[in-house]
Amino acid sequence: MKDELFKKDSKKQFEFDESVVAVFDDMISRSVPFYDENLRLCVALLAKFAKKNSLLCDLGCSTATFLLEAFKKRPDLLLHGVDNSKPMLDNAKKRAKAYGANISFHYFNLSEFSFFKADVFIANYTIQFIRPLKRQELVNKIYENLNEGGFFILSEKIIFEDGFLSKKMIELHQEYKLKNGYSSLEISNKREALENVLVPYSEKENLALLENAGFKRIESIFKWANFETFLAFKD
């Protein structure tokens with residue numbers, strides 16, 4: 001279904017409710033540059049790095065797109081998905097059943113999630129929705145519950161510390177969305193709805209989160225303007 005949620009003015013704060021879930025796949029593919037390509041890259045790396053029968057946990061799994069791609073590439077993996085949106089999980093469960101994928105889903109806010117040991121953690125554009133005061137605690141839990149030799153893939157929208165460059169990157173992202181069929185009004189309305197809901201960090205701040213948690217080996221594996229993906233290993 002095509003995303004037309006923000007064609008009209010609304011004072012409603014953004015949330016992952018039924019209306020968003022219905023258009024989510026279209027929304028994210030038209031809003032996040034190279035979303036599909038980055039997802040395929042991460043799955044390809046996962047397929048190369050993950051040991052046989054590894055346990056993978058997707059934090060903020062939304063409609064299970066990553067988990068299903070992982071299932072197709074590595075059916076031996078033990079797959080888990082966590083999300084705090086019931087409509088998202090309902091959709092994810094239906095998709096998993098249709099694909100015949102055995103995925104365990106957990107309905108939790110990440111700040112309250114009882115973590116378990118895993119070989120791989122994934123957070124695709126998830127941490128940016130966690131309150132800044134809670135982020136370090138969350139990344140600490142990810143590190144603590146990651147098995148030795150495991151890894152964490154983190155994708156985030158980022159900001160730039162240089163004000164001029166930050167402004168230009170925002171303009172580039174807006175142009176990207178205009179080319180994908182969104183109007184200036186839709187872009188403006190969504191930006192207002194996301195204010196104080198999605199709070200991006202800079203590249204340095206995201207690296208600091210990972211380093212402070214204990215990660216020593218961290219690499220940037222994808223970047224386009226104000227979107228970046230990090231790969232962090234627990235040695």
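This is a predicted model: local features need pLDDT of at least 70, side-chain atom pairs count only at pLDDT 80 or more; totals for chains, interfaces and linings use all residues.
1. Let's take the overall form next. The C-alpha atoms fill a box of roughly 50 × 40 × 30 Å along the principal axes. A compact globule of 235 residues would have a radius of gyration near 18 Å, and the 17 Å of this protein agrees with that. Buried residues account for 52% of the 235 residues. The accessible surface comes to about 11900 Å², and carbon and sulfur atoms hold 52% of that surface. Of the contacts between residues at least 6 apart in sequence, 72% join residues at least 24 apart.

2. Are its residues buried or exposed? In E1, 5 of the 5 residues are buried, so the strand is largely enclosed by the rest of the structure. In a regular strand, side chains alternate between the two faces of the sheet. Here Leu-55, Cys-57 and Leu-59 point one way from E1, while Leu-56 and Asp-58 point the other way.

3. Now for the partners of E1. E1 and E2 run parallel and are joined by 5 bridges, with Leu-59 standing opposite Val-82 in E2. E1 also runs parallel to strand E4 (residues 118–124), through 3 bridges. There, Cys-57 has Phe-121 of E4 as its bridge partner. Together with helix H3 (residues 65–73), E1 and E2 make a right-handed β-α-β unit.

4. Beyond its neighbours up to four places away in sequence, Leu-46 touches Leu-56, Phe-66, Ala-70, Arg-74, Leu-77, Val-120 and Phe-151. Arg-135 is 89 residues from Leu-46 along the chain, and their C-alpha atoms are separated by 24 Å.

5. Which residues does UniProt list for "binding site"? The unreviewed entry gives Tyr-35, Gly-60, Cys-61, Ser-62, Asp-83, Asn-84, Asn-124 and Arg-191. They span 157 residues in sequence, and the farthest two C-alpha atoms are 22.5 Å apart, so they do not all gather at one spot.

6. Asp-83 lies in strand E2, residues 78–83, and is buried, with a relative accessible area of 7%. Leaving aside neighbours within four places in sequence, Asp-83 is in contact with Gly-60, Cys-61, Ser-62, Met-88, Leu-89, His-106, Tyr-107 and Phe-108. Gly-60, Cys-61 and Ser-62 are also on the UniProt list. Arg-191 lies in helix H7, residues 184–194, and is partly exposed, with a relative accessible area of 47%.

7. Finally, have a look at Asn-226. Where is this residue found? Asn-226 is in the loop between strand E7 (217–224) and strand E8 (227–233). Although in a loop, Asn-226 is buried, with a relative accessible area of 3%. Not counting residues up to four places away in sequence, Asn-226 touches Glu-156, Lys-157, Ile-158, Phe-160, Met-169 and His-173.

Note on methods
Residues are numbered from 1 along each chain as its sequence is written. Side-chain values use heavy atoms; hydrogens and water are left out. UniProt positions are given in the numbering used here, feature names are shortened, and annotations may be inferred rather than shown by experiment. Helices (H or I, at least four residues) and strands (E, at least two) are DSSP runs, numbered from the N terminus. Buried means under 20% relative accessible area, exposed over 50%, partly exposed in between (1.4 Å probe, protein chains only). Contact means heavy atoms within 4.5 Å. Two strands pair if DSSP finds at least two bridges between them. A crossover is right-handed if, with the strands pointing away from the viewer, the path from the first strand over the helix to the second runs clockwise. The radius of gyration is taken over C-alpha atoms; the globule rule is 2.2 Å times the number of residues to the power 0.38. Accessible areas come from the Shrake-Rupley method with a 1.4 Å probe; for residues, only the protein chains shown count as cover.
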